[in-house]
Amino acid sequence: MKDETARLMTLVREKRPLVHQITNNVTVNDCANITLCAGGSPVMTDSPEDVEEMTGLASALVLNIGTLTNAIIEAMIIAGRTANKKGIPVILDPVGAGATRYRTDMVWKLLKEIKISVIKGNAGEIGALAGAGGKVRGVDSEGMTGDPKEACISLSKRTGATVVMTGAVDIITDGNRTAVVNNGHEMMTTVSGTGCMTASVIGCYASCTDDMLLASAAALAVFNIAGSKAAKRSKGPGSFIMNLKDELAHLTPNETIPLANIRLL
Amino acid sequence: MKDETARLMTLVREKRPLVHQITNNVTVNDCANITLCAGGSPVMTDSPEDVEEMTGLASALVLNIGTLTNAIIEAMIIAGRTANKKGIPVILDPVGAGATRYRTDMVWKLLKEIKISVIKGNAGEIGALAGAGGKVRGVDSEGMTGDPKEACISLSKRTGATVVMTGAVDIITDGNRTAVVNNGHEMMTTVSGTGCMTASVIGCYASCTDDMLLASAAALAVFNIAGSKAAKRSKGPGSFIMNLKDELAHLTPNETIPLANIRLL
Amino acid sequence: MKDETARLMTLVREKRPLVHQITNNVTVNDCANITLCAGGSPVMTDSPEDVEEMTGLASALVLNIGTLTNAIIEAMIIAGRTANKKGIPVILDPVGAGATRYRTDMVWKLLKEIKISVIKGNAGEIGALAGAGGKVRGVDSEGMTGDPKEACISLSKRTGATVVMTGAVDIITDGNRTAVVNNGHEMMTTVSGTGCMTASVIGCYASCTDDMLLASAAALAVFNIAGSKAAKRSKGPGSFIMNLKDELAHLTPNETIPLANIRLL
C-alpha cells in the first residue's frame, strides 16, 4: 500500500478538501493547523445553527468528543446526518470513551444516529467500546485485557465502521481486511492532541478515496513519518509540535514510499 | 503614511491598550499572544454576564464570528453597545460570512445593533457582504466576481464602517479615502488565524487614533512586515507562527518606516 | 525546602497524577501541555454531565475562571464537591477577580460552595479578594495598595486556603507559615497564560503531598526555573513558550536543588 499512500497524498494536496471538524477546545488549534499542513482546508464550527450548511460544503466530517456538551452532541448529530445524506465520510474520535459513562453513552448515541465511516481511538477507548476490557485514565489509554486485533475486528463488525486503534503499532480493520502501520515515535505521546490530529489527517485522506482502510493507513503512515522526522530535531515537547507541523507540510510522496511501514495481515 | 504608522506604533506600545476580544475558540490563543506582541493587553471574555463591565474597562472591542453561537451573539451585542456608549472603536471580523446563511445573517444583525468602526475580511467575505459575488469555502476566500475596490467602497458607504479587505495586497477604505498596503508573505496563508490576528492588531491601533483608515493601514503594515521577516527564517508553518510572534514583538518603529508599503489611492 | 522540592518533583513524575482542569478557552492547550511537561496527565472536561465522574478519577482539580459562563460555574461546583468528598486538592485561579463584579462574585460563590486548597492569583486579584485595594486591568495585575504579605495571610485566614501571590517574587502562605520564591524571568509576562500554567503545575504537585505550602512553593520554583532557562535561549514570546515546555520537560531534580530560591519567612 506504499504506492497507494503516495498517490493519495498527492491527491489530497491537489484537491485541498474542506474538512469540517466538530472538536474539543483543547487541541482545536493544532487540529486546524495540522489539517493545513496535511493539505486540507479546516473549518471548525460547532453551532447547531451553522453546522448543516457547513457540512454541506465539506468533503469530510470529523467528530471528536474531547470536551463534549449536550449542545455539541446536538450539532454533531445534525452535521452527521447531513454528511450521511451527502455521502461524505464521517470520522469519530471517541476521546475518553470508557473513562466516564457520559462519554461512552454519547459515543453509542452518535453511532446510533449517524453512519460512521472510521472510528479512531487508543487501545483503552477501542477496548472499552469493543467490550474487551479497555482501560482509560482521563483521556489516556491504559490498554485492554482482550486481544487488540480481535477487539478492532469485533467493533468494526458491530458498527460497520473501519476501526483504527493507535499505539506503538497502529491496527486498522474494516472487518475483512486488517492492516498494521509501524511508523511514529514515542515523542508523539509527550504532547497533547496527537491523537486528535491523527483524526484530522484521516479526515483529509478519507475525503479522497472510497477505501477507508487505505485512507486510514495512509494518513497514519504520513502523519507518523512526519512525527519521526520531527522527533529527530526536537529538544522537547515544545519544539516537537512545531517541527511536526513543518515536517508534515514538507513531506513529499516520493519520500514517503520507502518510509511507510504499512502491512496487510 | 509611513511616519504616521511609526508614530502610532510607538503610541500603542506606550499606552498598552486593553483590547477586549470576543472571538472563536480556534485561534483565540494566538490572538491573545499577538495582541501582547503588538503592544496591547488582551482580555477575551465572552460571557453575557461579564462583557458589559469588561468592555467598560477596554480601549477597543474586537468581534470575530469564527465559531459563533447564539450566546456569543448576545454577548457581542451587549459588549458592542457598551463600546458605542463609551465611544471606543469596534472591529468586526466576519469570518466565513458568505459561506453559511447563519454567519451572513449574524453579521447583518451585528451591523444593525452596533455601530462598527472597522470591518475586516478576506475578498470572499467582503464580496459576499457587499453583494459583489464573494465566494467563501469554509473560512477561506475564493475571491469575488465584482471589482474589489468598488466592493469595499460600497460596503463602507452602506455601513459607515472603514472596510479592510485582506489579500496579497490589502485594500482599506473609509468611503472617501482608499489606501492599499502591500506587505506580507504568502507563508501567512499556511497557518490558521492570521486573519483573526490581523483584527487583533487593528484593535490595538484603532484604540490610539480616531483615524480608522490610518489605524487599519498601520496595523496591516506592521503585522505583515513582521510576517515577511518571519517567513525568511522559517522552515514551515510551525516555525513561522513562532517567528511571527518574535518578529512582531521586536519590530521597531524606525525599522518600519522604510518597509511599510502603504499608498493612498 | 530545596531538597523537599526535588523529592516532590521526582514523586510527581513517578505518580504521573491525573489533573482535572476546568479552565478558560484561551490558554487551555498550553495548560494541558505544561501539565504533561511537569509530569502530570491532564484532562480538561467542563461539561456538567461529565465532570463528577472525571473528578472521581483524578488526583487534583484545577479551577480557572479566565473565560467563565454560568454553565462552567455549575460544572466547577459539581467537580469541586466531588473533589472535597474524595479528599483531593482543589486549586483556584481567580483570573480577573477584581476587574468585573461577575468574576469577583463567582470567586466568592466557589469559595462558599467548595473547600479550596490553594488560591493562586496575581497581586491585583489577591489584593481585590483580600480587600487590600487590588487593581486588575482585564486579567493583568496593577498591584495593590495594601501590604502584599499581610493581604495573603488575611485571605488565607478568611478562606482556610493556602494563598499564592505571583509576581517578581512569589509569596505563599498557609496562614501560619509564609514562604517566598524568587525564581523566574520577566519574559514570562510576555506570553498569555503563564499564570494559568502555574496553577496547572501546582495541581500536579498538590496531588503528591498533603503540604500545600510545599506543593505551591515547589511548583513555583520548578516552573520558574524552567522559565529562566528558557528565557536565555529565546528570541521573543513565540520561541519562549516553546522553550519553556522543552525546559520544563527536561529539568532534573538534581539541577533544581541549587537553583530553587525558596525561603521560609
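**Notebook: a buried glutamate, an interface and a sheet**

I began with B:Glu125, which sits in helix α6 (residues 123-130) of chain B. Helices here are DSSP runs of H or I with at least four residues, strands are runs of E with at least two, and both are numbered from the N terminus.

The model is predicted, so to speak for the record: local features need pLDDT of at least 70, side-chain atom pairs count only at pLDDT 80 or more, and totals for chains, interfaces and linings use all residues. Residues are numbered from 1 along each chain as its sequence is written, chains are lettered from A in the order in which they are written, and side-chain values use heavy atoms, with hydrogens and water left out.

**B:Glu125.** B:Glu125 is buried and has no salt bridge. Buried means under 20% relative accessible area, exposed over 50%, partly exposed in between (1.4 Å probe, protein chains only). A salt bridge needs a side-chain nitrogen of Lys or Arg within 4 Å of a carboxyl oxygen of Asp or Glu. The nearest side chain of opposite charge is B:Lys120, 5.2 Å away. Lys and Arg count as positive, Asp and Glu as negative; His and the chain ends are not counted. Beyond four places in sequence, I found contacts (heavy atoms within 4.5 Å) including B:Asp93, B:Pro94 and B:Val136.

**Chains A and B.** I looked up the interface next. In contact are 29 residues of chain A and 26 residues of chain B. The two chains bury about 2,200 Å², 53% of it on carbon and sulfur atoms. That area is the accessible area (1.4 Å probe) lost on being put together, summed over both parts. A:Glu49, A:Met242 and A:Asp246 supply 19% of what chain A buries against chain B, more than any other three residues. I counted two salt bridges between the chains. B:Arg103 forms a salt bridge with A:Asp50, with the closest N and O atoms 2.8 Å apart.

**Chain C sheet.** Nine strands make an open, mixed sheet in the order β2-β1-β3-β4-β5-β8-β9-β10-β11. Strands pair if DSSP finds at least two bridges between them. The edges are β2 (41-43) and β11 (262-264), each pairing on one side only. Strands β4 (residues 90-93) and β5 (residues 118-122) pair in the parallel sense over two bridges. There I saw C:Leu92 opposite C:Ile119.

**Phi check.** A:Arg16 has a positive phi of about 50° and is not a glycine. A:Arg16 lies in the loop between α1 (2-15) and β1 (18-22) of chain A. At 33% relative accessibility, A:Arg16 is partly exposed.
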